Amino acid sequence: MKPHLLILNPLSDASLARIAEYYTVTHAPNAAAREAAIAEHGDSVQAVLTIGTIGLTAEEIARLPKLGFIGTLGVGYEKVDLEAARARGIALSNGAGSNADCVADHAMALLLAAIRDVRRLDVACRAGVWRDALPMTDGVCGKRLGILGFGAIGEKLARRAAAFAMPVGYHSRSDKPDSPHQYFTSALDLARWSDCLVVAIPGGPSTLHMVNADVLDALGPQGYLVNVARGSVVDTAALGVALRDKRIRAAALDVYESEPLPPSELLDLDNLIITPHVGGNSPQALEQSLTQFLDNIGRHFRGESLLTPI
């Protein structure tokens, strides 16, 4: 018999069909379906697929007595109760690196759009305003790029920055001796050095509001902020004040604390660009993420080491 897999995140019919070739699939992509699925199938579920922002709670883990594997489709796992899973000896994997190119692409696109003020120019052009009536936009080449979090996404972003002759600095949990880029021991020190600060660090309690009013003030009135990590890393209220008071020049967000609702307190700002958490979404990234998940879960059921364990 195929192992029983409970999937908690939205997936297309094509992706579900691909997974169903190897597993008995129960798809529960919303809260009501999730509760019903656990109530009906909890005794038979052997594996769970989720994403970081959906997670799996300790109470749900306790209701799945045969659960032996939890995988997250993306790199994040902040809402998976790791302690409860490990207490049961449940194998854990994530999608580390599987969508890093896509997220790095989106981060660079947001950064370029913020610096070149693409949103304002688009609105003006549609209204028939010619360039002579508009302020000159900033240049990109040579700006100092600070990357908060230097995993796969941060490293790929640094490579893209090289094309724009941008010096790169970073802050992460530890220095990477093999990296050619400058390491900073805190987010505050990194912000002081940076012209542009891109957030690419995991979410969770340890990074909650790491980008606060002090960090934004250190970035300064000519500084740019981009967040492609988790909304929880940036203090939304502090960011709103910084943008309104021109304490930073502009921001671009793909993630925000109010997801999936947009951050209503920021929506009237013309120095903000916002996208609906699509940084890791592309056909190529989905293919890589699914392939990596199937590799990990297959390794688990064959008794092999996981490719990307948590």
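Here are some notes on this predicted model, point by point.

1. **Ground rules.** The model is predicted, so local features need pLDDT of at least 70 and side-chain atom pairs count only at pLDDT 80 or more, while totals for chains, interfaces and linings use all residues. Residues are numbered from 1 along each chain as its sequence is written, and side-chain values use heavy atoms, with hydrogens and water left out.

2. **Annotated spans.** The UniProt record, in an unreviewed entry, places "domain: D-isomer specific 2-hydroxyacid dehydrogenase catalytic" at residues 6-308. That span, 6-308, is 36% helix and 14% strand, with its end C-alpha atoms 20 Å apart. UniProt also lists residues 108-279 as "domain: D-isomer specific 2-hydroxyacid dehydrogenase NAD-binding", again from an unreviewed entry. For residues 108-279 the figures are 30% helix and 15% strand, and the end C-alpha atoms lie 10 Å apart. UniProt positions are given in the numbering used here, feature names are shortened, and annotations may be inferred rather than shown by experiment.

3. **The seven-strand sheet.** Do have a look at the open sheet with the order β8-β7-β6-β9-β10-β11-β12 and parallel pairing. β8 (182-183) and β12 (272-274) are at its edges with a single partner strand each, so one side of each has no neighbour in the sheet. Helices here (H or I, at least four residues) and strands (E, at least two) are DSSP runs, numbered from the N terminus, and two strands pair if DSSP finds at least two bridges between them.

4. Strand β6 (residues 145-148) is joined to β9 by four bridges, in parallel, and Ile147 stands opposite Val198 in β9. Val198 in turn stands opposite Val226 in β10, where β9 (residues 196-199) and β10 pair in the parallel sense over four bridges. Another four bridges join β10 to the parallel strand β11 (residues 250-253), with Leu253 of β11 as the bridge partner of Asn227.

5. **Crossovers around β10.** β9, helix α9 (residues 213-219) and β10 form a right-handed β-α-β unit. From β10 the chain passes through helix α10 (residues 236-244) to β11, and this β-α-β crossover is right-handed. Right-handed means that, with the strands pointing away from the viewer, the path from the first strand over the helix to the second runs clockwise.

6. **Side chains of β10.** Tyr224 and Val226 point one way from β10 (residues 224-227), Leu225 and Asn227 point the other way, and all are buried. Buried means under 20% relative accessible area, exposed over 50%, and partly exposed in between (1.4 Å probe, protein chains only).

7. In helix α2 (residues 31-41), the buried residues are Arg34, Ala37 and Ile38. They cover an arc of only 95° around the axis, which puts them on the same side of α2; the arc is that of the directions from the helix axis to the C-beta atoms. The buried residues of α2 pack against β1 (4-7), β2 (24-27) and α3 (58-62), whereas Ala32, Ala39 and Glu40 are exposed on the other side. At the N-terminal end, Asn30 caps α2, with a side-chain oxygen 3.3 Å from the backbone nitrogen of Ala32.

8. **Ser98.** This residue is in the loop between β5 (91-93) and α5 (100-115) and is buried, at 3% relative accessible area. The Ser98 side chain reaches the backbone oxygen of Gly95 at 2.7 Å and makes a polar contact with the side chain of Ser289 (3.1 Å). A polar contact is a pair of N or O atoms within 3.5 Å; within protein, one must be able to donate a hydrogen and the other to accept it, and residues adjacent in sequence count only if both atoms are side-chain atoms.

9. **Arg249.** In the loop between α10 and β11, Arg249 is partly exposed at 33% relative accessibility. Leaving aside neighbours within four places in sequence, the residues in contact with Arg249 (heavy atoms within 4.5 Å) include Asp138, Tyr224 and Asn271. The Arg249 side chain also makes a polar contact with the side chain of Gln222 (3.0 Å).

10. **Backbone points to check.** The peptide bond from Glu259 to Pro260 is cis, with omega near 5°, and Pro260 is in the loop between β11 and β12. His209, in the loop between β9 and α9, has a positive phi near 55°. His277, in the loop between β12 and α11 (283-301), has a positive phi near 50°.
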